[in-house]
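Here is a briefing on one structure. Please look over the sequence and the model before reading on.

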Amino acid sequence: MAIEKVKAHFRKYGMEDRIRELDMPSATVELAARALGCEPARIAKTLSFLAEGHAVLVVAAGDAKIDNARYKAQFHTKAKMLTPQEVQELVGHAVGGVCPFGVNEGVEVYLDVSLKRFDTVFPACGSSNSAIELTIPELEKYSGYAAWVDVCKGYGENGGF
């Protein structure tokens, strides 16, 4: 089970006890925000793409949407989301619990700047009813991210940047 992989990942840092397993589903931004009692924008959703034959994860704010032109400029390919089966095979987590922790070897993780406006965010932890609250520096540390990117639109008080 993917949540066990995530727990093992955080166990290395003595942080396994910070994972919250919720009594209600958190598989979508709206459900997660309701279950956690936070604004939807603070849900750090992990979007899965295929780029040059391997999985690329973009962790973005809950109110952000991929901007196809920015994505293509960053990754030099069209934004092609993985199918649920591809997500399971290539990333190692099922849709609804995808996160940047405990992923399969070779998966590249990027953090979108839409997250930088928050002190803490809530990414999933490998299941459709789990999350962890992390500061942005903690998200950087534990996600093993490759780089910050600016590939989203439609977020923030002004409707986007």
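E52 sits in the loop between β2 and β3. Helices (H or I, at least four residues) and strands (E, at least two) are DSSP runs, numbered from the N terminus. The model is predicted: local features need pLDDT of at least 70, side-chain atom pairs count only at pLDDT 80 or more, and totals for chains, interfaces and linings use all residues. Residues are numbered from 1 along each chain as its sequence is written, and side-chain values use heavy atoms, with hydrogens and water left out.

- Most residues other than glycine have a negative phi, and most peptide bonds are trans.
- E52 is not a glycine, yet its phi is positive, about 55°.
- This residue belongs to the hairpin of β2 and β3, which has two residues between the strands.
- E52 is exposed, with a relative accessible area of 72%; exposed means over 50%, buried under 20%, and partly exposed in between (1.4 Å probe, protein chains only).
- H76 also is not a glycine and has a positive phi, about 60°.
- H76 is placed in the loop between α3 and α4 (84–91).
- H76 counts as exposed, at 67% relative accessibility.

**The sheet**

- Six strands form an open sheet in the order β8-β6-β2-β3-β5-β9, with mixed pairing; two strands pair if DSSP finds at least two bridges between them.
- Its edge strands are β8 (134–135) and β9 (147–149), each of which pairs on one side only.
- Helix α3 (residues 68–75) packs on the sheet and touches β2, β3, β5 and β9; contact means heavy atoms within 4.5 Å.
- The direction of α3 makes about 130° with that of β3; axes are lines fitted to C-alpha atoms, for helices over the stretch in contact, and angles run from 0 to 180 degrees between N-to-C directions.

**Strand by strand**

- β2 (residues 43–51) and β3 run antiparallel, joined by eight bridges. S48 stands opposite L57 in β3.
- β2 and β6 (residues 120–123) run parallel, with two bridges between them. Here I43 stands opposite F122 in β6.
- β3 pairs with β5 (residues 108–112) in the parallel sense, over four bridges. V59 has L111 in β5 as its bridge partner.
- β5 and β9 run parallel, and three bridges join them. D112 stands opposite V149 in β9.
- Seven of the eight residues of β3 (residues 54–61) are buried, so this strand is largely enclosed by the rest of the structure.
- β5 is likewise largely enclosed, because four of its five residues are buried.

**The largest pocket**

- Rolling a probe the size of a water molecule over the atoms shows where empty space is left.
- The largest pocket has a volume of about 350 Å³.
- The search uses a 1 Å grid over the protein atoms alone; a pocket is an open set of points where a 1.4 Å probe fits, with protein on both sides within 12 Å along at least five of seven lines, and lining residues have an atom within 4 Å of a point.
- Grid points are joined across faces, edges and corners, and the volume is the space filled by probe spheres set on the points.
- The lining has 24 residues; A27, K45, T46, G96 and V98 are the closest to the centre.
- α2 (29–36), β2, β6 and β7 (130–131) each supply at least two lining residues. β2 gives the most, with six.
- The lining divides into 16 nonpolar residues, seven polar and one charged. Ala, Val, Leu, Ile, Met, Phe, Trp, Tyr, Cys and Pro count as nonpolar, Asp, Glu, Lys and Arg as charged, and the others, Gly among them, as polar.

**Two further loop residues**

- D17 lies in the loop between α1 (2–11) and β1 (20–21). D17 is exposed, at a relative accessible area of 67%.
- D17 and I132 are 115 residues apart in sequence, but 9.5 Å apart in space, C-alpha to C-alpha.
- Y145 is in the loop between α5 (136–143) and β9. Y145 is partly exposed, with a relative accessible area of 27%.
- Y145 and E108 are 37 residues apart along the chain, and 7.1 Å separates their C-alpha atoms.
- Not counting residues up to four places away in sequence, Y145 touches V109, L111 and E140.
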